[in-house]
Amino acid sequence: AAGLAFGIASRLRERAARGVVPAACVLLGALWPAWQGAFPSYAYDVEGAGLATEAPYNVLVVTLDALRRDHVSSYGYAKPTEALFERFGFTRFEDAVAVSSWTRPTTATILTGLYPSTHGAVRLSNPLPAEAFTLAERLRDLGFATAHLAGTLNASAVFGMDQGALVTTGNPYAPPHPLAGTSLGEIVRRRAFDLQDARELTGCASRFVEAVGAGRFALYLHYDDPHTPYDPPPQILQRWSQPFAGRDFKMPRRDLGMTEPEVRHLLERYDGDIDNAFASLARLLDQLARSGQLARTLVIVSADHGESFGERGQWDHSTTPYEELLRIPLFVRPPDELPRVPSVAATACQIDFVPTVLDYLGLAVPAELPGQSLRPWIEGREVGAERLLLAECHGLTEWSCRRGPWKVIAKDDGSALRLF
């Protein structure tokens, strides 16, 4: 049944461009149960995990998909998309950058500490290679209970991102969906691969940390909110938007000439998704605080990349190395017994996440990792020197190099360099 659904979906993708999808929606709706039931799923089994290690702290790394820095309240956004970072005492990084402009390469970098050109997960056809050594594998080998909980396909087990995880979500046996990137595909993607929104994913995380109990855990949590389609729960959308009489888009549509009110409503949907994700994360942090686990947990919260809202005619993300896609929020909360400053001015990068975790756990940072630990900056012992940071985009065909306030963009077609 799954094979039949996949074959039909492949044909529908060819027809989608011509607008022949209504009947297809009905047919695929009928086939969803067969698609979902055709593949096995994971069960939680962490009994005794995390008890053998002598590591001092737990690790929680959280990413929000397609989160723009300038839509986060802690960075000065006028709307209240979150209130948790000040409440929980995070250190805010004023300047942090991604290594690419879409999910798969950036997630692989967050998990391995390597640049995309090194780990290889750079195109739609590229999973994270089995020989890549992830943070979860390092910590599992030390006795941690490890979990990889992702609400999006590109950060999931389908593309090898769960290496080293004892607990994971998603379905590693399901083939990549042929409708990916289309509106219909977004619906099928969630149904077929059983991907959760922020509330459901937080429930998975909650059950995992409860199961680990007194053991040490390392949890990677990837919220698909606020990625397109911008579709927050109705009760949250009501807080962000008044009843809207125009065309109600959940995804940007340049070809339909969105009006200013329609764009404004689209962004209200986006902000509602951010609110939903941060509210879900706050519930998890509250749970950890009540259990006493937060006091001994290193928490890193960031984005995989940003989002374009019409800059240079671009919407969504994935191809260009401009700041709306590469400049990301970053918050770090060390365990309670360790010092921290409220904010850091120096530029951080996703290549720094793995070295930072290893440093806090008292482990050596391997020489092959290009990043550095952020701990000296978080503790106020160093201010951070300028360094060259790369972003590798569009399947390694477009790059940006950044040092301090300067940035240069280059393409492999030999076109002129652009200096900013």
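The model is a predicted one, in which local features need pLDDT of at least 70, side-chain atom pairs count only at pLDDT 80 or more, and totals for chains, interfaces and linings use all residues. Residues are numbered from 1 along each chain as its sequence is written, and side-chain values use heavy atoms, with hydrogens and water left out.

Helices (H or I, at least four residues) and strands (E, at least two) are DSSP runs, numbered from the N terminus. Buried means under 20% relative accessible area, exposed means over 50%, and partly exposed lies in between, with a 1.4 Å probe and protein chains only. Helix H4, residues 103–112, is mostly covered, with ten of its ten residues buried. Among them are Arg104, Pro105, Ile110 and Leu111. The cover over the buried residues of H4 includes strands E1 (58–64), E3 (145–150) and E5, together with helices H5 (116–119), H6 (135–141) and H12. Just after H4, Gly113 has a positive phi of about 85°.

Helix H12, which spans residues 353–360, is itself largely enclosed by the rest of the structure, because seven of its eight residues are buried. Those buried residues are Phe353, Val354, Pro355, Thr356, Val357, Leu358 and Tyr360. Just after H12, Gly362 takes a positive phi of about 75°.

I turn next to the helix pair. Two packed helices are described by the angle between their axes and the distance between the axes. Here, axes are lines fitted to C-alpha atoms, for helices over the stretch in contact, and angles run from 0 to 180 degrees between N-to-C directions. The axes of H8 (residues 198–212) and H10 (residues 260–291) come within 9 Å and cross at roughly 15°. H8 is therefore roughly parallel to H10, a label given to angles under 35 degrees. The crossing of H8 with H10 is right-handed, meaning that the near helix is turned clockwise from the far one by less than a right angle.

Which residues of H8 meet H10? They are Ala198, Arg199, Thr202, Ala205, Ser206, Val209 and Glu210, and their partners in H10 include Asn276, Leu281, Arg283 and Leu288. Contact here means heavy atoms within 4.5 Å.

The last topic is charge pairing. A salt bridge is a side-chain nitrogen of Lys or Arg within 4 Å of a carboxyl oxygen of Asp or Glu, and the whole structure has 20 of them.

Arg87 and Asp286 form a salt bridge at 3.1 Å, N to O. Asp286, at 25% relative accessibility, counts as partly exposed.

Asp231 pairs with Arg269, their closest N and O atoms being 3.5 Å apart. Asp231 counts as partly exposed at 40% relative accessibility, whereas Arg269 counts as buried at 4%.

Finally, Asp95, Glu323, Arg327, Arg402 and Lys407 are linked in a network of salt bridges.

Methods
Angles under 35 degrees count as roughly parallel, over 145 as roughly antiparallel, 65 to 115 as roughly perpendicular and the rest as oblique.
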